[in-house]
Amino acid sequence: MELTQIRYFLEAAKTKHMTNSAKNLHITQPALTQAIRRLEEDLGVPLFAAKGRNITLTEYGKYLQKRLAPLMEQLDKIPEQLNMMVKLEGETIHMNVLAASGLVMEAIIEYKKEHEGINFQLQQNTESELYDIAVTTKLFYQGLNEKNSFACGEKIYLAVPKNERYADRTSICLGETAEEGFISLLGSREFRYICDRFCQHAGFTPKIIFESDNPAAVKNMIAANMGIGFWPEFTWGRIENEQVKLLEIEEPVCQRDIIINYNMNKIDNRNVTEFYRYLVQFFRRRKENQSK
């Protein structure tokens with residue numbers, strides 16, 4: 001069955017009048033009659049029977065109409081549905097957030113207050129390139145090669161308890177902490193990889209006493225004085241605990257770059273580029289405020 005034959009059959013089944021059906025279809029009556037006959041020949045059953053000047057459906061015709069009418073209705077809706085998908089896709093920003101997830105969420109919440117029609121879908125997939133905007137991190141010396149990208153340098157501090165050992169310290173060489181228990185993100189996280197590299201440069205492998213894939217859990221454990229840990233300068237915010245302090249790391253240099261980049265995946269990329277610019281400015285403001 002061809003799609004044209006199905007449309008012709010359903011129109012004739014609805015009007016039960018060949019002349020009126022031909023007019024509705026903007027074809028001649030002989031062309032409609034010939035198309036119906038070819039369909040009957042293809043199926044091997046009669047679909048219509050003459051009834052005076054009109055026609056009536058046979059039992060075969062009634063069965064075929066019952067099965068095809070819903071399918072054709074769905075087919076007719078497809079162009080509208082595709083247009084709706086395009087509209088919704090244009091209003092959805094797909095993000096791959098592999099770093100600074102807490103700060104990214106703050107930015108999204110603030111942005112949504114003025115852009116209620118924009119939706120966000122977030123993933124954390126190191127292998128995926130199917131995104132509109134990605135937030136990743138690298139060691140500061142690895143460079144930035146991507147187009148449509150912004151790099152924001154961030155110093156990494158060491159969060160330690162205010163006990164006798166650290167009470168009077170404002171800075172530290174990382175090698176001094178080789179025997180300390182570290183609280184850290186899971187090894188699959190990019191920030192964990194960077195921090196492990198810092199420790200390698202200092203000549204030791206960190207002794208992990210607690211690890212989680214949730215940055216908030218790691219922050220809370222460090223802030224609760226359960227162990228020491230690396231603390232990004234502005235993406236993790238300030239430590240609201242008088243028993244914990246941040247020490248500047250003298251050796252090695254502990255810094256990373258946060259990379260924000262976007263892809264031109266859509267027919268209309270205006271929403272993506274607008275949020276990208278907003279996110280870049282959000283990070284810049286947070287870094288400036290933290291350094292004051």
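A residue is called buried when its relative accessible area is under 20%, exposed when over 50%, and partly exposed in between (1.4 Å probe, protein chains only). By that rule six of the seven residues of strand E5 (residues 133-139) are buried, so E5 is largely enclosed by the rest of the structure. The model is predicted, with local features needing pLDDT of at least 70 and side-chain atom pairs counted only at pLDDT 80 or more, while totals for chains, interfaces and linings use all residues. Residues are numbered from 1 along each chain as its sequence is written, and side-chain values use heavy atoms, leaving out hydrogens and water.

- Helices (H or I, at least four residues) and strands (E, at least two) are DSSP runs, numbered from the N terminus.
- Two strands pair if DSSP finds at least two bridges between them.
- E5 runs parallel to strand E3 (residues 92-97), to which three bridges join it; Val-97 has Val-135 as its bridge partner in E5.
- E5 runs antiparallel to strand E12 (residues 255-262), with seven bridges; Leu-139 has Arg-256 as its bridge partner in E12.

**The E1-E2 hairpin**

- Strand E1 (residues 48-51) pairs with E2 in the antiparallel sense over four bridges, and Thr-56 in E2 is the bridge partner of Ala-49.
- Two residues lie between the strands of this hairpin, and Gly-52 in the turn has a positive phi of about 65 degrees.
- Ile-55 and Leu-57 form the covered face of strand E2 (residues 54-57), whereas Asn-54 and Thr-56 form the uncovered one.
- In a regular strand, side chains alternate between the two faces of the sheet.

**Helix H5**

- Helix H5 (residues 101-114) has 14 residues and reaches 21 Å from its first C-alpha to its last, close to the expected 20 Å; that expectation is 1.5 Å times one less than the number of residues.
- Its buried residues are Leu-103, Val-104, Ala-107, Ile-108 and Tyr-111.
- Seen down the axis of H5, these residues fall within an arc of 140 degrees, so they line one face of the helix; the arc is taken from the directions from the helix axis to the C-beta atoms.

**Nonpolar cores**

- A nonpolar core is a set of buried Ala, Val, Leu, Ile, Met, Phe, Trp, Tyr and Cys residues joined through side-chain atoms within 4.5 Å.
- The largest has 29 residues, and those with the most contacts inside it include Leu-158, Leu-174 and Trp-236.
- Helix H6 (190-202) is among the elements giving two or more residues to this core, and its five residues are the largest share.
- Apart from this core lies another, of 26 residues, among them Ala-100, Val-104, Val-272 and Phe-283.
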